Amino acid sequence: MDNLVNDLYREFTLFQMIGHDAAAFVVMLACGLAVLTFFGFMGGLFTFLERKLAGWTNSRRGPNRVGPYGLAQFAADGVKLILKEDIIPAEADRTFFRFAPYLVLLGTALSFVVIPFGPRLIISDLNVGIFYLLATGSFTVVGLIMAGWASNNKWALLGGMRSAAQIVSYEIPNALAILVVVLTAGTMSVQGIIRAQAGGVQHWFLFNSPFCILAFFIYFTTSIAEINRIPFDIPEAESELVAGYNIEYSGMRFGVFFVAEFSNIYVVSSIAVICFLGGWQLPGLADAEALGPIGRKVGESLSYPSVLSALMIAMLPCIWFAWKAMRAFSADVLRKSALLPSRLVRMNSELLLLGLLAAFATLALLLHWPLRSRLPSIYELVFQYLVPFLTFFSKAMVIAFVILLWRWTLPRLRVDQLMSVCWKYMIPLGFVCLVGQGFWLCLFNP
Amino acid sequence: MSFVTEEMILNMGPHHPSTHGVLRFILRTDGEVIYGCRPDVGFLHRGLEKIAEKVSYPQFMPYTDRIDYLAAMNCNFGYALGVERLAGIEVPARAEYIRVLVVELNRIISHLISVGTFALDMGAVTPFTHALREREWVNDLLEELCGARLTYNYMRFGGVSFDMPTGFLERVGNFLDYFEPRLDQFNRLISNNKIFKERLSGVAVISREDALDYGLVGPNLRASGVDWDLRRDEPYSIYPELKFEVVKPPSHTELGDCYSRYWVRILEMVESTRIVRQCVSKMPNDSYWNRSKKKLKPPPGEIYVRTEAPRGELGFYLISRGEDRPYRLKIRTGSFSAMSIVEKIAPGLMVSDLVTLIASLDLIAPEIDR
């Protein structure tokens, strides 16, 4: 298959210094690390965004103490959660209690395997990709029920039961909405679905037919219910169930629930982008010819060695300035605050210098990497990796933004109302969409 | 097919986020449906009525702040009125107007907290913070008057403790000009929200008979269709001179449900702004405090004075034996009787609806326990 992971694998095996299994292991390890990093980063970013958005809608300021604009708030939160005592109630089922957060995390983290960030930026383009996404999505409910049951707390149990009822119900219309897309694209592969929407905005599945628009709204609504957010956040309704299934959790176990929940926002937004908004395709810039012949020439003339050398040369003054700035900053901080040990500040500036030097060395090493297989040229790097990634990311963020904003705008439904919305409205509508789209395709798309 | 289900005893409170302080309900539920609900009061009991027997009349004034800390002015007012009638103290007109002005301002912010936390209990956080934002303005105004933002200790027998600072009335007017459009914005944000309406309409209906039987008062009583407001029906202070309507539950709500109780409070805020405007325009220029140098020793006798506080009738029953402190003081509060009806209404509701019911009754723990 044609993606970066396979390229990396080929590159390693071509060396013939390590065996195929070892190469696969190394590549998979790298992928896993990359996914987990991105996952943690997204979780953190969303906690920050949510709190900032909450601040703005609530006419407050939101986090603004840690780092510029409070950007490092989530790092501080993470450190706090890690340092906190991990309390397991005496009467709790210890095994399940400990296991549950990781199951929730697993469900979300696994989704990242098939989420594409570009035509070649995907870990594995499964041929049942979208099906796989639905399946991993329901992993979380097992974790939530497990957490609710193992806590041995009635409120947690109620939360767990509510989440089970809710997620199981809402998966049906959710899957129906996605089936409409699968029907239209004729494939379940994530990349296949995106490629089927090539050629501009009018080819996005959102605008394919009236049924697709309806399916989009069904998907959007039900996915919010799947990730337990307002107006469907009844499993953790803080004013009713105190905190829901995670009431007894503390420390990093609680943090894991939270990171999973917030990363899930990104997952459902990216599914919406994949299925309805053309994925990583940027209208107008979809094909490489957009820059014209001159741009293409310039792009292709840029070779790795030349760009890397340029970067290295550019880095030298950067390192110098960073070092000076850090010294000045640390002197300033030391003057202002007697609390901060001078050792710490100096260590930080040294770490920064070391990091920059390490980056420099890495670039130098890369320059002399005996490249055997074909790695993307700079031109390809921009058009096949960077632009699609940014496109996909920004589309997903727009959807996520709406999801985040809803939480601070709407009240929540009651349990029975939630169920009736699902079974009386969403599911019949979903079937109407599916059948309607079938007829539509027969009539208008021969 | 029939399931054998077991009843579950669910302990709600005293530290539950939507019990508005330290209330406790012992629920018997089947899953989410409530079979029985027993309120357990007393977590905030401070023995205020006993304290009243131990301290002199003026010394008890700060304690009245703590009867209902969201409407401290109203509690001050009720107590001051009671002692004044008992001792026959004259109050200057300016003091009366200042009193009604601050009391109605306090009613506005108390209702703001009520509707704000109502929305919060329904899961909407933003209306709550917006309500608090408006409340801050009034807090600032009241702070100008008496130096305190929550527990004012402002009223004195025969007047109020400080006159208004320069420009205070203009600032009150500014607040009202700001507040009225904001209330419309608030209604657009939450009151007319479809989900909010669905959550509240037809939930926990209190019939007119039940409301009367259980002694509901204030907005809760009016929402059940009883046209009763002490400001009009048993007028005190300068209320006869002011024009205002007694709020009726609006026609788009079901009589006695949570939504009508919510709307009664919203509309009462509008009425209160009307009253405050009249107070501002009619403010007389005489003394703010008919101060007596003598130690206050009301003649022997007893009196029951009730006023319309944000949470309904606030009654002070005072017995004097000619000493400098009351022989007995009994405080009758709206939340206490409202708490008792929860037991009657709750069975059959879901746990989420109980939260709605509690929020709609506008219970406040210190008023229940005193």
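**The sheet and the chain around it**

Modeller: In this predicted model, strands of chain B form an open, antiparallel sheet of three, in the order β6-β7-β8.

Biologist: Which strands stand at the edges, and why is one side of each left without a neighbour?

Modeller: The edge strands of chain B are β6 (301–309) and β8 (328–332); each has a single partner strand, so one of its sides has no neighbour in the sheet. From one strand to the next, the twist averages 10°.

Biologist: Which helix packs on the sheet?

Modeller: That is helix α3 of chain B, residues 72–87, which touches β6 and β7 of chain B. The direction of α3 makes about 150° with that of β6(B).

Biologist: Back to the strands: how many bridges join β7 of chain B to β8(B)?

Modeller: Five bridges join them, with β7 covering residues 312–320 and the two strands running antiparallel.

Biologist: What stands opposite B:F316?

Modeller: The residue opposite B:F316 is B:I331, in β8(B).

Biologist: Now the whole chain. How many helices and strands are there in chain B?

Modeller: Chain B has 14 helices and eight strands. Its C-alpha trace spans about 80 × 45 × 35 Å along the principal axes.

Biologist: What radius of gyration would a compact globule with 370 residues have?

Modeller: It would be near 21 Å, and chain B agrees with this because its own value is 21 Å.

Biologist: And how much of chain B is buried?

Modeller: Buried residues account for 51% of the 370 residues in chain B. Among the contacts in chain B with a separation of 6 or more, 71% join residues 24 or more positions apart.

Methods: Residues numbered from 1 in each chain as written. Chains lettered and ligands numbered in written order. Predicted model: local features only at pLDDT ≥ 70, side-chain atom pairs only at ≥ 80, totals over all residues. Pairing = 2+ DSSP bridges. Helix = DSSP H or I, 4+ residues; strand = E, 2+ residues; numbered from the N terminus. Axes fitted to C-alpha atoms, helices over the stretch in contact; angles between N-to-C directions. Contact = placed C-beta atoms within 7 Å. Rg over C-alpha atoms; globule rule 2.2 N^0.38 Å. Buried ≥ 20, exposed ≤ 12 C-beta atoms within 10 Å, placed from the backbone.
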